[in-house]
Amino acid sequence: MSGDNKELSRRGFLKMGGAAAATAAVGAAAVPGSVLAAPMVVTGVKAALPKATGPRLVIVGGGTSGLTIAKYAKKEYPKFDVVLVEKRDMYSSCFSSNMWYAGVVDLDFLAGHSFLDAAVNNKYTYFNGAATGVDRAAKKLFTDEGEIDYDFLVVAPGIAYDYSRVGVKDIESITALRQMYPGGFISPTEHVTIRDKVAGFEGGTFLVTVPSGNYRCLPGPYERACMIATAFKKAKVKGKVVILDPNAKPTIKAEGFLNAFKEFYADVIEYKPNTKIEGIDAGKKTIKAEFDTIKFDDAAIYPGVRGSTLLETMGIVDPKSPQKEALIDPLKYNVVGDMHVYVTGDSRPQPFSKSANTSNTEAKYVAKVLAARAQGKDIDWYSPETICYRRRRLCL
Ligand SMILES: Cc1cc2nc3c(=O)[nH]c(=O)nc-3n(C[C@H](O)[C@H](O)[C@H](O)COP(=O)(O)OP(=O)(O)OC[C@H]3O[C@@H](n4cnc5c(N)ncnc54)[C@H](O)[C@@H]3O)c2cc1C
């Protein structure tokens, strides 16, 4: 967005004042592809937080990336006054959720982890609220619970779905798909819905899709198919799991997954490579692929991935990025031209695998960058690890 537009929208906002302006600003930012950057929902109300005791580091997002940075930035530089802004009030893990569908782990294993305990254990403050915008010139974060002044801001809000990757662009169809056939790669509510679908499935075709592009958790869709197939086998359900994959073979551990489909699930899993989805009719339960129309009885449709829409709201998205990721220095993670705002985790533009392992190891590096910069220094770049692994409580 141009500087002129930014200035205009900020002045325009002040002139309009009140709810009308807030609605206009939020509405515009919610439109996919919008590049409107303006302070959102500016109320002038300060967040209920004690006065900062040192340079204030505010982190938006208490997922793998944000939680790890909160913990390690405080360790690296104890003078930091760290505030973690997270909209959820309970931590629940995305990773390992596939195993829940087959009863390999229970819900307690995934959910019910306290943000408060993580904050107390690691000497920072957990602030339960949703970030709604930023004024980078004034170094203020806006949240639905008031404004927070920062010295350094880390934005780690994860991903959003991109249904245009499966040929679905109108908001009615997107809403229907989101609710009826959730992707299961963002929120705990989606996992609960998918788990209930699997447990209640009475037979027929259960569809699982693999997105195109760089998506969160490369093995996730294949692993999910295996876990759902296991659940059907255990319950002796006459069901089939169909995997639609736009790629020629699984995007990771191809030999292992193809062997598993053949050896353990030949009667349950049907793997369809080179199947690009061009449209979905949620009501008719049909998928239009390049050469085929596929019917399903139930599904978990993982459409495609882009950076969180918060990046657009904040005006820090790269307009050239095909997956709408952040415009940052790829080595130091600060927003281009701004040494006070950083973007990490699955909203990053670097082509690393979007995994908890990447987010966790990257966050430890970014914590060092922040600690150094708070002291007027800098450190040399080193790469995160980018394997996809499973470990519980890696940062709580
Ligand atoms: C089913 C599944 C299986 C997976 N399996 C593995 C695996 O085996 N191994 C592995 O390494 N990785 C795995 N992953 C991937 C891993 O979970 C993600 O890559 C990782 O969590 C990304 O971390 P993140 O911090 O960027 O995003 P997230 O962990 O999604 O965290 C983002 C946080 O930001 C918060 N947030 C968003 N917007 C706002 C806002 N406006 N204000 C305040 N808070 C906000 C969200 O509530 C959320 O808590 C899996 C993921 C899924 C879904």
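## Contacts and overall content

Two residues are in contact when heavy atoms of theirs lie within 4.5 Å. The model described here is predicted. The protein holds 12 helices and 17 strands. Of its 396 residues, 54% are buried. Among contacts between residues at least 6 apart in sequence, 68% join residues at least 24 apart.

Helix α8 covers residues 188-200. With 13 residues at 1.5 Å a residue, α8 should span 18 Å, and the 18 Å between its end C-alpha atoms agrees with this.

The buried residues of α8 are E190, H191, I194, K197 and V198. These residues cover an arc of only 125° around the axis and therefore lie on the same side of α8. An α-helix has 3.6 residues a turn, so residues three or four places apart point the same way. The exposed residues T189 and A199 are carried on the face of α8 turned away from its buried side.

## An open three-stranded sheet

An open sheet is formed by 3 strands in the order β12-β13-β14, with antiparallel pairing. Strands β12 (277-281) and β14 (293-295) are at the edges, and each has a single partner strand, so one side of each lacks a neighbour in the sheet. From one strand to the next, the twist averages 20°.

Strands β12 and β13 (residues 286-289) run antiparallel and are joined by 4 bridges. In β13, T286 is the bridge partner of D281.

## Aromatic pairs

The whole structure contains 19 aromatic pairs. A pair of aromatic rings is described by the distance of the centres and the angle of the planes. Y91 and F115 form an edge-to-face pair, at 6.0 Å centre to centre and 85° between the planes. This pair links distant parts of the chain, 24 residues apart: Y91 is in the loop between β2 (81-86) and α4, and F115 is in helix α6 (residues 115-121). Y91 is buried, with a relative accessible area of 6%, and F115 is buried at 1% relative accessibility.

The ring centres of Y365 and Y382 are 4.9 Å apart and the planes are at 70°, so this pair is edge-to-face. Y365 belongs to helix α12 (residues 356-374), whereas Y382 is in the segment after α12, 17 residues apart. Y365 is buried, with a relative accessible area of 2%; Y382 is partly exposed, with a relative accessible area of 35%.

C217 is a residue other than glycine with a positive phi, near 60°. C217 is placed in the loop between β9 and α9.

K236 is not a glycine either, and has a positive phi of about 55°. K236 is found in the loop between α9 and β10 (239-244). With 74% relative accessibility, K236 counts as exposed, because the cut-off for exposed is over 50%.

Methods: Residues are numbered from 1 along each chain as its sequence is written. This is a predicted model: local features need pLDDT of at least 70, side-chain atom pairs count only at pLDDT 80 or more; totals for chains, interfaces and linings use all residues. Side-chain values use heavy atoms; hydrogens and water are left out. Two strands pair if DSSP finds at least two bridges between them. Helices (H or I, at least four residues) and strands (E, at least two) are DSSP runs, numbered from the N terminus. Axes are lines fitted to C-alpha atoms, for helices over the stretch in contact, and angles run from 0 to 180 degrees between N-to-C directions. The expected span of a helix is 1.5 Å times one less than its number of residues. Buried means under 20% relative accessible area, exposed over 50%, partly exposed in between (1.4 Å probe, protein chains only). The arc is that of the directions from the helix axis to the C-beta atoms. Rings of Phe, Tyr and Trp (its six-membered ring) pair if their centres lie within 6.5 Å; planes under 30 degrees apart count as stacked, over 60 as edge-to-face and the rest as tilted.
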